[in-house]
Amino acid sequence: MGSVSDAEKKPAVIFVLGGPGSGKGTQCANVVEHFGYTHLSAGDLLRAEIKSGSENGTMIQNMIKEGKIVPSEVTIKLLQKAMQESGNDKFLIDGFPRNEENRAAFEAVTKIEPAFVLFFNCPEEEMEKRILSRNQGREDDNIETIRKRFNVFLESSLPVVEYYDSKGKVRKVDAAKSVEEVFEAVKAIFTPKEEKVAV
């Protein structure tokens with residue numbers, strides 16, 4: 001292999017998946033702080049694009065208004081742009097791919113396969129409890145909506161987790177524990193084996 005092969009230049013991408021209330025956001029912030037990754041949230045990028053008032057943003061907004069799913073390519077282009085602009089080469093991509101089609105499109109468009117998938121496994125009861133306790137005033141956080149969001153996650157995102165699991169690329173974390181305990185488990189995943197031995 002040449003010293004500067006394409007494989008070496010490709011950024012390291014980690015997909016972060018977990019249902020609503022599984023604590024993904026909190027743990028991503030911890031990984032950014034401790035391990036120098038750049039955290040990219042597909043939802044945040046779409047919202048920022050809408051806010052920018054660009055033609056693309058208006059198109060995204062109209063699709064969301066009509067209850068349509070934003071095409072994978074649109075989200076992937078925003079992710080690619082954010083990756084290029086960040087100047088970093090290690091990324092946590094949060095809340096994407098949401099389904100099999102997203103996953104296949106991401107690999108086809110970017111030619112990047114994730115290093116692994118960080119999956120926050122959390123029982124529905126625990127997620128419900130967390131979401132209801134953190135947002136007592138929010139409209140979209142009533143129990144029916146939470147269950148709907150959870151079911152959508154199960155139906156569309158779990159096949160993605162299963163696909164990567166079949167390739168040995170899923171790192172499951174028990175997300176029902178306390179924030180500190182969950183981060184200990186996450187840290188162990190991100191710490192290279194040699195460092196663990198040295199400690």
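User: Where does Arg 103 sit, and which residues is it in contact with?

Analyst: Arg 103 belongs to helix α6, and, once neighbours within four places in sequence are set aside, Arg 103 is in contact with Pro 97, Val 160, Tyr 163 and Tyr 164. Val 160 and Tyr 164 are themselves among the buried residues of α8.

User: Which other residues of α8 are buried, and what do they pack against?

Analyst: The buried residues of α8 also include Ile 146, Phe 150, Phe 153, Ser 157 and Val 161. The elements that the buried residues of α8 pack against are the strands β1 (12-18), β4 (116-121) and β5 (170-174), together with the helices α6 (100-110) and α7 (124-134).

User: Where does α8 bend, and by how much?

Analyst: The bend, of about 40 degrees, is at Ser 157, and Pro 159 follows within four residues. Ser 157 is also one of the buried residues of the helix. Just after α8, Gly 168 takes a positive phi of about 70 degrees.

User: Changing topic, where does UniProt place the binding site?

Analyst: The unreviewed UniProt entry places the feature "binding site" at Arg 47, Lys 68, Ile 69, Val 70, Gly 95, Phe 96, Pro 97, Arg 98, Arg 138 and Arg 149. Of these residues, the lining of the largest pocket includes Arg 47, Lys 68, Ile 69, Val 70, Gly 95, Phe 96, Arg 98 and Arg 149. Pro 97, which the record also lists, is one of the contacts of Arg 103.

User: Is Arg 47 buried or exposed, and what about Phe 96?

Analyst: Arg 47, in helix α3 (residues 42-52), counts as exposed because its relative accessibility is 53%, over the 50% needed for that class. Phe 96, by contrast, lies in the loop between β3 (90-94) and α6, and is buried, with a relative accessible area of 2%.

User: Which residues is Phe 96 in contact with?

Analyst: Leaving aside neighbours within four places in sequence, the contacts of Phe 96 are Phe 15, Leu 17, Ala 42, Thr 75, Ile 76, Leu 79, Asn 102 and Phe 106.

User: And Ile 189, where is that, and what does it touch?

Analyst: Ile 189 is in helix α9 (residues 179-190) and is partly exposed, with a relative accessible area of 24%. Not counting residues up to four places away in sequence, Ile 189 touches Phe 116, Leu 118, Arg 171 and Val 173. Leu 118 is 71 residues away along the chain, yet the C-alpha atoms of Ile 189 and Leu 118 are separated by 8.9 Å.

User: What is the mean pLDDT, and where does pLDDT stay under 50?

Analyst: The mean pLDDT of the protein chain is 86, and 89% of its residues reach 70 or more. Over residues 1-7, however, pLDDT stays under 50, and the model has four contacts beyond four places in sequence for that stretch. Where pLDDT is low, the predicted coordinates should not be read in detail.

User: How many helices and strands are there in the chain?

Analyst: The protein chain has 10 helices and five strands, and of its 199 residues 41% count as buried.

Conventions. Residues numbered from 1 in each chain as written. Predicted model: local features only at pLDDT ≥ 70, side-chain atom pairs only at ≥ 80, totals over all residues. Heavy atoms only, no water. Helix = DSSP H or I, 4+ residues; strand = E, 2+ residues; numbered from the N terminus. Buried < 20%, exposed > 50% of the residue type's maximum accessible area, 1.4 Å probe, protein only. Contact = heavy atoms within 4.5 Å. pLDDT = per-residue confidence, 0-100. Bend = angle between axes of the 7 residues up to and from the residue. UniProt positions renumbered as here; feature names shortened; annotations may be inferred. 1 Å grid on protein atoms, 1.4 Å probe; cavity = no way out; pocket = protein on both sides within 12 Å on 5 of 7 lines; lining within 4 Å.
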